[in-house]
Amino acid sequence: MDFAPLLGKANFWAYFFIMLTGLYGMAVKRNLVKKIIGLGIFQTAIMLFYVSIGSKEGATIPILTAADAAGRGGIDAAAYINPLPHVLMLTAIVVSVATLGVALALTLRLWRRYGTLEEDEILARLRGDPGGEACTPRS
Amino acid sequence: MIQEINAAILLLLMVCAVAALQVRDLMGAAILFGAYSFLMCLQWVSLGAVDVGFTEATIGAGVSSALFFAAIFRTTRRTKD
Amino acid sequence: MHAALVAVIAPLFGAFFCVFSGWAGGKREHWIALTALALSATAALDALLRVLKGGPQTYLLGNWPAPFGIAYTLDPLACALVFLIAAGALLNLWGARREIAHRYPEKDHTFYALYLLAAAGHMGMVVTGDVFNFYVLIEITALSCYALISMGSERSELASLNYLLLGAAGASLYLLGVGFLYIKTGTLNLPDMAAILPAMATAPAVGAALALILLGVAVKMGLFPFHGWLPGAYGEAPAVAAGLVAPMTTKVMAYVLVRFQVSLFPPEFLRAAPALPQIMVWLSVAAILLGAVMALYQKNLRRMLCFIVLAEVGYMAGGLFLGNRDALTGTVLHIYADLAMTLCVFMAAANIERRRGSLAFEKLRGLFGTMPWTMAGLTAGALSMIGVPPFCGFFSKWYLIKGGMAAGHWPFVAALVLSSLVNVLLFFRVFEIAFFEKDERPGLVAGDVSAARLVPLAAVALSLPLLGLATGQIVERVVVPLLAPLT
Amino acid sequence: MRTLTLVALTLTAAFLFRAALDFPAWGDPASPAGLHVSRFFIERSYDDARTPNLVTATLADYRSYDTMFETVVVFCAALACFFIIRAAREACVANVFHYRHAPTGLVLTLRRGCPLPRLRGRFEQIDSEWTPRSVILETVSRGMIPFLQLFAIYVLAHGHYSPGGGFQAGVIFGASYILLAVSHDLRTLTDHVAERTMHLLAAAGVSLYVGIGALALWAGMQFMDYGWMTLAFGMDGPGAHSLGILLVELGVALTVCASLTTIFKLVSSEGTIMEGL
């Protein structure tokens with residue numbers, strides 16, 4: 001059996017592993033900051049997947065060399081890495097930091113109201129029982 | 001050679017991702033997340049995505065970490081999981 | 001076709017001007033917002049008329065040819081939805097000036113800016129023909145909605161954070177699916193992709209991509225079992241914001257599914273994986289039943305409406321995946337009808353909340369006596385949701401049931417009928433409280449809300465029978481051209 | 001719950017791993033992604049926009065509509081943070097004022113209503129009684145900040161030829177402000193750049209971007225077509241596109257810098273804009 005193509009896929013498998021780690025953190029962790037970190041890991045792993053789509057064996061970074069910029073027309077597309085996934089991921093990075101800012105702002109609001117970052121303690125407070133000793137609301 | 005560096009960074013990335021979620025201290029988790037972002041930026045530069053790596057170094061490892069630190073400083077670093 | 005573009009960027013400029021005006025100490029944000037939305041609605045109407053006359057068009061942004069730059073795909077379906085969104089956002093905001101100034105002192109300009117950004121995001125999602133651009137617009141819409149929702153009742157912050165986490169995960173899954181499609185096809189343009197995909201319909205990666213996209217959109221749409229965020233987010237949001245997001249977001253996502261179903265998912269793919277539509281229809285049946293049952297348990301008008309919205313999502317998703325012509329027609333009709341009627345009932349609920357302070361059932365006593373006009377609006381919306389002719393809800397349900405029968409999917413038909421009956425029960429319980437029980441508490445403000453809030457409500461309520469009577473026109477001029485390539 | 005999640009994730013993993021077997025080989029130059037659309041960007045970008053950095057050309061010209069909304073996302077996030085956690089103005093007026101005597105480090109505490117000390121030059125207002133103060137940190141940061149800002153401007157201006165552009169420049173510029181806030185305190189930053197200025201700058205950045213796109217409508221062209229500059233400034237097509245890219249990147253940098261600084265201020269002070277880290 002030929003293992004070479006499988007080895008080529010190992011990169012993709014590693015990306016998927018990181019993605020699922022992030023998803024696991026979002027689903028299972030009870031701490032809100034942990035959930036947000038999980039979301040960050042998930043988003044970044046998707047970006048890694050995209051960037052790897054653009055990579056080409058034996059190509060250089062997507063900035064034209066002086067020779068290619070001077071010569072008219074004869075640019076070999078295989079010599080440069082595909083710039084499109086990079087553009088998309090620049091957008092995605094900025095979107096992820098925007099989401100992070102809003103999520104942290106909401107977390108701070110929850111902290112101000114409930115004095116805890118644990119989701120189960122907040123839910124307990126909402127149901128009306130005192131929850132734990134950590135639930136001292138800050139004015 | 002670049003393949004070996006890639007593989008090593010990828011391995012460290014996985015370790016950092018798991019550790020950032022498992023460590024029982026939010027400040028530690030935020031620092032590990034910053035390390036994860038920085039390793040990601042290295043990985044992208046080695047894949048030839050210089051612009052994306054640059055942005056991740058400033059936004060992911062820089063501003064995101066600062067935001068996390070600020071929020072944790074304002075709240076608590078204790079966590080149950 | 002600059003009109004469609006103007007419809008999207010007018011609210012953007014409105015948002016910027018609101019921020020300028022707010023920080024320069026002005027108090028003109030309300031008028032800026034109304035002007036921007038009115039301009040947007042006019043432009044959308046113009047685009048709709050042009051498309052109806054001249055057929056579907058593309059608008060090339062930056063004048064770059066289609067698969068390379070970003071292009072709008074404009075057809076009657078999209079333009080009509082953009083018009084409804086712009087007009088709905090305008091009417092919903094019309095009479096809310098005092099409420100916003102009172103609830104968000106010092107921050108009202110930000111409220112208007114976020115409201116306009118959310119409206120622009122919804123419209124942009126409808127017209128864009130680029131799968132990645134759609135992701136960016138999802139995020140704009142979502143971020144502004146999180147902020148708007150979080151300023152409601154005490155529980156709204158947690159509801160908003162839950163919505164944020166689930167919504168961001170859903171959008172990321174969509175992004176991953178787009179990545180799978182991109183790695184296989186090398187393009188991001190919707191028509192271009194649709195031309196390439198049939199050749200590789202049975203490839204596992206394409207199947208995975210479509211499944212991921214479906215999953216992501218289902219999460220954003222609140223389809224069972226990903227509905228966890230929906231009742232909390234819409235039920236706890238401030239009244240004005242709920243009137244924007246509850247009618248728009250789920251419907252825009254349903255529209256996107258229609259668009260993907262009709263033009264992107266290759267028929268060969270659906271034939272190769274017959275289990276997928278079946279699963280989706282069963283999920284829709286579950287969503288309809290769950291929404292109906294949970295609505296019965298609610299003790300608050302707005303929360304009850306949220307669970308009805310949940311059931312309506314099931315209607316649209318089910319009709320979409322039944323896959324025959326009647327069911328698809330029903331889904332398209334229901335997108336329009338549900339937008340209008342959800343807007344109607346949420347606006348009426350906002351009026352009641354403004355007067356009574358809360359929407360708990362015991363606060364609704366004697367409303368027919370004190371707020372006759374608002375209750376007339378609520379009644380119109382309720383009759384439409386139940387499905388009484390000539391209101392628009394009847395016709396879309398009719399087509400959905402016909403489609404269900406044609407496909408032989410009896411559980412779906414049964415769930416639809418059952419949910420309509422439950423709607424009858426729900427609304428008549430509300431009417432009973434509002435009509436027969438008298439509220440004798442002292443200090444209750446008598447009289448209806450101001451005309452600035454009643455006139456928009458009347459306009460929306462009147463649009464319900466009009467949309468219903470226009471069903472034939474809509475089917476002939478919007479749905480038939482849309483479904484033409486399928487046969 | 002935990003086991004259920006693990007089962008679901010394992011199934012997803014199997015599903016994704018199966019799908020990955022169908023992908024083109026990793027780094028394959030002949031994959032569809034490398035051939036179909038992207039060739040156009042690589043081969044045309046210099047002739048179209050005279051920009052050797054293909055990412056900048058694609059970002060700010062071919063897909064400038066996307067980038068416009070990306071900038072609006074950042075703007076929207078700043079507005080959202082402001083809307084969510086900014087405290088009311090009266091809640092931001094402290095009851096107790098602390099003044100530190102600069103030479104000795106002695107702290108003076110005054111209640112509201114007391115006359116403020118007249119010794120402005122030698123006393124400085126601080127946030128709480130214990131604000132750590134490190135001369136080394138402050139001096140080093142003050143020395144670094146101008147260079148950071150200069151580098152940000154370089155990154156913006158040189159984005160056509162080297163990695164960088166509006167986002168990176170905006171973030172670096174914003175980071176210089178964040179460094180100021182971290183090394184001194186938030187009050188120092190607010191004294192330098194008021195909250196109002198930041199919001200106006202953020203709105204000005206996005207307005208510049210969308211405005212440049214909309215001016216094309218006025219010239220009868222498609223939205224975001226930089227070709228109108230050929231008519232307005234009398235330059236050739238690629239030059240106009242190059243200038244257009246620079247201008248929109250400037251808008252991006254303004255918005256990103258102002259928005260990220262605003263978000264940091266709000267998060268680090270819990271919405272009061274008084275007391276930072």
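The largest nonpolar core of this predicted model has 374 residues, and those with the most contacts inside it are C:Val82 and C:Ala86. A nonpolar core here is a set of buried Ala, Val, Leu, Ile, Met, Phe, Trp, Tyr and Cys residues joined through C-beta atoms within 7 Å, where buried means that 20 or more other C-beta atoms lie within 10 Å of a residue's own, exposed means 12 or fewer, and partly exposed lies in between, with C-beta atoms placed from the backbone. Helix 4 of chain A gives the most to this core, with 21 residues; helices (H or I, at least four residues) are DSSP runs, numbered from the N terminus.

Not counting residues up to four places away in sequence, C:Val82 touches C:Ala4, C:Ala7, C:Ala44, C:Met123, C:Val126 and C:Val127, and two residues are in contact if their C-beta atoms, placed from the backbone, lie within 7 Å.

Chains A and C also meet, with 25 residues of chain A in contact with 22 residues of chain C. On the side of chain A that touches chain C, helix 2 (32-54), helix 4 (83-114) and helix 5 (119-127) each supply at least two residues, and helix 4 gives the most, with 13 residues. The table divides the residues of this side by kind, with Ala, Val, Leu, Ile, Met, Phe, Trp, Tyr, Cys and Pro counted as nonpolar, Asp, Glu, Lys and Arg as charged, and the others, Gly among them, as polar.

| Kind of residue | Side of chain A that touches chain C |
|---|---|
| nonpolar | 18 residues |
| polar | four residues |

Within chain C, helix 15 (residues 325-356) has 32 residues and should span 46 Å at 1.5 Å a residue, which agrees with the 45 Å between its end C-alpha atoms; the expected span is 1.5 Å times one less than the number of residues. Helix 15 of chain C is mostly covered, as 27 of its 32 residues are buried, and it bends by about 25 degrees at C:His334, the bend being the angle between axes fitted to the seven residues ending there and the seven starting there. After this helix comes C:Gly357, whose phi is positive, near 85 degrees.

C:Pro390 lies in the loop between helix 17 (372-386) and helix 18 (392-407) of chain C, and C:Pro390 is partly exposed, with 15 other C-beta atoms within 10 Å.

Residues are numbered from 1 along each chain as its sequence is written, while chains are lettered from A and ligands numbered from 1 in the order in which they are written. In this predicted model, local features need pLDDT of at least 70 and side-chain atom pairs count only at pLDDT 80 or more, whereas totals for chains, interfaces and linings use all residues.
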